[in-house]
Amino acid sequence: MDYSENNDLSLYIHVPFCASKCLYCDFLSFSDKNAYFEDYKKAVINEIKSFTNKQKYKVNTIFIGGGTPSLMSENFICDILECIYNNFHITNNAEITIETNPVTVDKKKANCFKKAGINRVSIGLQAWQNHILKIIGRIHTRDQFLECFNIMRNAGFDNINIDIMFSLPKQSENDWEETVENILVLEPEHVSAYSLIIEEKTPFYKLYEENKLDVVSDDIDRNMYEFVKKKLKENGYIHYEISNFAKNGFECRHNIVYWKRKEYAGFGLGAHSFINGKRYSNTINIDEYIKFNYIAETEKIGLRDSYAEFMFLGLRMIEGIERKSFKNEFGIDIDNVYKNEIEKNIKNGLLTDKNGVIKLTNKGIDLSNVVFAEFL
Ligand code: SF4
């Protein structure tokens with residue numbers, strides 16, 4: 001690989017193991033491959049070591065995602081982090097996140113994560129009601145989530161995200177309001193609120209095709225989204241990305257790297273890297289991966305695709321895109337590429353273009369996929 005001279009880099013580690021598969025999930029993860037844990041760890045460590053020109057970079061964010069990284073032993077996570085620390089220069093205030101699920105973390109594990117330098121945790125709750133958790137295939141109850149949250153706070157984590165979902169089967173507007181209101185009592189620093197997407201190849205998709213899934217109407221979906229936006233705003237959260245809300249200063253720096261098309265290196269099964277205008281995709285075959293056959297595909301992103309990525313990733317941020325940042329990035333005025341598309345979306349009430357900033361309107365956020373498609 002050839003790497004750029006750019007100093008800033010973010011790292012992503014993919015841990016593709018879960019205790020059991022949630023019925024809506026199409027992430028690359030397995031619930032039947034515990035026998036791979038040790039070989040997988042070795043392969044990740046080897047992949048990190050074999051990354052060339054490591055000394056060129058300073059790492060500002062690390063994200064350990066999955067899957068369920070917190071399912072793994074303390075040693076699994078700490079050995080990988082130690083390898084990163086030994087091989088990369090990590091900045092003093094780096095944001096280091098781990099994704100966790102209730103029932104996979106105890107006090108000892110949480111303390112170890114903290115000691116290993118992890119300073120941000122993301123906890124998957126999804127819904128407050130036990131009957132809904134059951135319907136979507138989560139393995140925990142609300143009380144187990146609360147226990148997990150308290151364990152994390154007591155271990156000293158002062159930057160916690162809670163993931164919640166709306167438009168779930170059998171979820172009423174009251175259920176959703178109860179979910180939002182109850183997590184607010186806990187005062188997390190960050191909330192991610194996603195609308196259910198019924199992905200192909202999931203058990204939910206099969207049920208949907210058979211007309212057996214209780215799908216929420218578009219109107220109720222929008223009411224739920226409006227509710228969470230309003231409630232979080234009233235409670236001092238900044239709505240900084242379509243699905244993400246944070247207390248001031250707690251925006252997820254790692255995800256902002258993706259939305260702003262900055263450079264990152266991904267390690268692990270199916271992980272992607274974006275370095276020097278090229279995208280590297282790792283194999284999704286775990287048997288190949290543990291034999292150290294990592295990269296499946298390298299793609300030089302063409303100019304046209306880079307423009308499009310810049311638009312549809314950047315517009316996810318509520319602050320929008322600065323005209324001058326497009327020019328800085330590509331040396332060309334945004335109107336030379338997207339004048340018609342921008343004008344059309346403004347006319348349709350989906351974008352605004354004021355003071356050198358182009359951003360989605362409220363209606364544009366609701367129809368963001370329509371807007372993004374225009375730039376592809
Ligand atoms: S825990 Fe997360 S990654 Fe694992 S199956 Fe559920 S949603 Fe998917």
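**Notes on the predicted model**

1. Axes here are lines fitted to C-alpha atoms, for helices over the stretch in contact, and angles run from 0 to 180 degrees between N-to-C directions. Helices (H or I, at least four residues) and strands (E, at least two) are DSSP runs, numbered from the N terminus.

2. Before you go further, some ground rules. This is a predicted model, where local features need pLDDT of at least 70 and side-chain atom pairs count only at pLDDT 80 or more, while totals for chains, interfaces and linings use all residues. Numbering of residues starts from 1 along each chain, as its sequence is written.

3. Which residues of helix 1 and helix 2 make the contact? From helix 1 come Phe37, Lys41, Val44, Ile45, Ile48 and Lys49, and from helix 2 come Phe76, Asp79, Ile80, Cys83, Ile84 and Asn87. Two residues are in contact if their C-beta atoms, placed from the backbone, lie within 7 Å. By class, this contact has eight nonpolar, one polar and three charged residues. The classes work like this: Ala, Val, Leu, Ile, Met, Phe, Trp, Tyr, Cys and Pro count as nonpolar, Asp, Glu, Lys and Arg as charged, and the others, Gly among them, as polar.

4. Now look around the ligand. Its surroundings are Cys18, Lys21, Cys22, Cys25, Phe27, Ser29, Gly66, Gly67, Thr68, Asn101 and Gly124, where a residue is near a molecule or strand if its C-beta atom, placed from the backbone, lies within 6 Å of it. This shell divides into four nonpolar, six polar and one charged.

5. Two backbone details deserve a look. Most residues other than glycine have a negative phi, and most peptide bonds are trans. Gly66 and Gly67, however, are joined by a cis peptide bond, with omega about 15°. Gly67 sits in the loop between strand 2 (58–66) and helix 2. Val103 is not a glycine, yet it has a positive phi of about 70°; you'll find Val103 in the loop between strand 3 (89–100) and helix 3 (107–115).

6. On to the domains. The protein chain is assigned domain 1 (8–258) and domain 2 (303–376), with bounds that come from an automatic or database domain assignment. Their C-alpha centres lie 28 Å apart. The contact takes six residues from domain 1 and seven residues from domain 2. Which strand gives the most to the side of domain 1 that touches domain 2? That's strand 7 (residues 238–241), with three residues. The residues on this side of domain 1 divide into three nonpolar, one polar and two charged.

7. Strand 7 also has a partner: strand 7 and strand 8 (residues 244–246) pair in the antiparallel sense over three bridges. Two strands pair if DSSP finds at least two bridges between them. A hairpin with two residues joins strand 7 to strand 8, and His239 stands opposite Phe245 in strand 8.

8. Strand 10 (residues 272–275) pairs antiparallel with strand 11 (residues 278–282) over four bridges. In their hairpin, with two residues between the strands, Asn276 takes a positive phi near 55°. Strand 11 pairs antiparallel with strand 12 (residues 295–300) as well, over five bridges.

9. Finally, an open sheet of three strands runs in the order 13-15-14 with antiparallel pairing. Strand 13 (321–322) and strand 14 (351–354) are at the edges, each with a single partner strand, so one side of each has no neighbour in the sheet. Strand 14 and strand 15 (residues 357–360) are joined by four bridges, and Asp353 stands opposite Ile358 in strand 15. Helix 13 (residues 334–347) packs on the sheet, touching strand 14 and strand 15, and its direction makes about 110° with that of strand 14.
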